[in-house]
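Subject: Structure handover and notes

Hello,

Here is the structure I promised to pass on. Please look it over before you read my notes.

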Amino acid sequence: MEEKKLLRVLAGETVYPPPVWLMRQAGRYLPEYRETRAKAGGFLDLCYDPDFATEVTLQPIRRFGFDAAILFSDILVIPDALDRGLHFVTGEGPKLTPIREDEIAGLDPSRGETHLAPVIATVARLRDELPAETTLIGFCGAPWTVATYMIAGHGTPDQAPARLFGYRHPEAMEKLLYLLAEMSADYLIRQLTAGADCVQIFDSWAGVLDEASFEAYAIGPVRRMVEKVRAAKPDAKIIGFAKGAGAFLSTYREKTGIDAVGLDWQVPMDFAKGLQAKGAVQGNLDPLRLIAGGRALEEGVDRILENLGQGPLIFNLGHGITPDAPIAHVEALLKRVRA
């Protein structure tokens, strides 16, 4: 059997046409997803039920034949395992009990294994049910991004509460990030053991940090995770997506030890080419070009392929697919990348 395309790219090979998957490819733009979600009840019920989570992970693979499936779950299952009162409010997103400085020492990671067992069961199911040529990607949130939600208790436009917390309570922030890095690394190891081919670490809020904070919050904890995962799984392939990190991306790849760097849509092509000279890159079509379709979509796809198609590339969006993305435009994107 030919080795999975995406894994060949992660090993530094140029594969043409490049493998394609889309962040949030299992989501509300698909009628079958909306139907399954309605049956499941709440969003967390969908994440923690292996039947439902397996089904929604497989839906975009059946419909589009993407080269990779990404486990359907959420980055906030880790704080949920830490008993931080996670719930989702329609139209507002996730809510948690905001953590205080004096509560960090009392966090108990021992619930993690039991609490996250259904997610691991989903990974094992997916391994059995996916086509042999489809890469299975496991994932988790990066410690900094997860910490921002734990500190504010919800998403904020610039994560000011978490940044202020870090400036005012550096030791407490360090403790929190260390705990999250340890727990998240264990979680990824379990996903790889259950059958994930590779994993992605999502640092959706890396772009709000200054240089010193980026080093301390985005690079340090992820490096710890990568080292811990590789100690248990020496061949583990890891993608790091630090959204908005811009010029910090080159040191991010170098210092964390990730195999591929995810690019958001604002990363300039010349800079992306420089990053690609050192290993695989993933990205980076603006999700709004996918909504617009037509010429905007075609030009966006062509530009990425012309600039990055001659090196190790995983074609993806520069952030997640949005609920209003037309299915016909996803089909057009795949056709153009593979033509």
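First, the ground rules. This is a predicted model, in which local features need pLDDT of at least 70 and side-chain atom pairs count only at pLDDT 80 or more, while totals for chains, interfaces and linings use all residues. Residues are numbered from 1 along each chain as its sequence is written, and side-chain values use heavy atoms, with hydrogens and water left out.

Annotation

UniProt, in an unreviewed entry, places the feature "domain: Uroporphyrinogen decarboxylase (URO-D)" at residues 19-28 and 137-153. Positions follow the numbering used here, feature names are shortened, and annotations may be inferred rather than shown by experiment. The two spans are built as follows. Residues 19-28 are 0% helix and 0% strand, and their end C-alpha atoms are 23 Å apart. Residues 137-153 are 59% helix and 29% strand, with 28 Å between the end C-alpha atoms. Helices (H or I, at least four residues) and strands (E, at least two) are DSSP runs, numbered from the N terminus.

Cys47 is in no disulfide; its nearest cysteine sulfur, in Cys140, is 14 Å away. For Cys198, the closest cysteine sulfur is also that of Cys140. At 13 Å, that is too far for a bond. Cys47 is buried at 0% relative accessibility. Cys198 is buried too, with a relative accessible area of 0%. Here buried means under 20% relative accessible area, exposed over 50%, and partly exposed in between (1.4 Å probe, protein chains only).

Helix α7

Helix α7 covers residues 117-129. Its 13 residues should span 18 Å at 1.5 Å a residue, and the end C-alpha atoms are 19 Å apart, which agrees. The expected span is 1.5 Å times one less than the number of residues. Val119, Ile120, Thr122, Val123 and Leu126 are buried in α7. Down the helix axis, the buried residues of α7 fall within an arc of 150°, so they line one face. The arc is taken from the directions from the helix axis to the C-beta atoms. The cover over these buried residues includes α3 (43-48), α4 (50-64), β4 (135-141) and α10 (170-194). Contact means heavy atoms within 4.5 Å.

A salt bridge is a side-chain nitrogen of Lys or Arg within 4 Å of a carboxyl oxygen of Asp or Glu. Glu129 is partly exposed at 42% relative accessibility, and Arg125 is partly exposed at 30%.

Helix α13

Which residues of α13 (residues 269-276) are buried? Met269, Ala272, Leu275 and Gln276. They fall within an arc of 115° seen down the axis, so they line one face of α13. They pack against α12 (249-256), β7 (260-262), β8 (280-285), α15 (294-308) and β9 (313-317).

Take Met269 in α13. Met269 is buried at 7% relative accessibility. Leaving out residues up to four places away in sequence, Met269 touches Asn284, Arg303, Ile304, Asn307 and Leu308. Between Met269 and Arg127 there are 35 Å, C-alpha to C-alpha, and the two are 142 residues apart in sequence.

Other salt bridges

The structure holds 21 salt bridges. One of them joins Glu215 and Lys255, with the closest N and O atoms 3.0 Å apart. This pair links distant parts of the chain: Glu215 is in α11 (residues 211-232) and Lys255 is in α12, 40 residues apart. Glu215 is partly exposed at 33%. Lys255 is partly exposed, also at 33%.

Asp259 pairs with Lys237, the closest N and O atoms being 3.7 Å apart. Here too distant parts of the chain are linked. Asp259 lies in the loop between α12 and β7, and Lys237 in the loop between α11 and β6 (238-242), 22 residues apart. Asp259 is buried at 17% relative accessibility, whereas Lys237 is partly exposed at 23%.

Finally, Arg84, Arg100, Asp102 and Glu103 are linked in a network of salt bridges.

Best wishes

Technical notes:
Disulfide = S-S within 2.5 Å.
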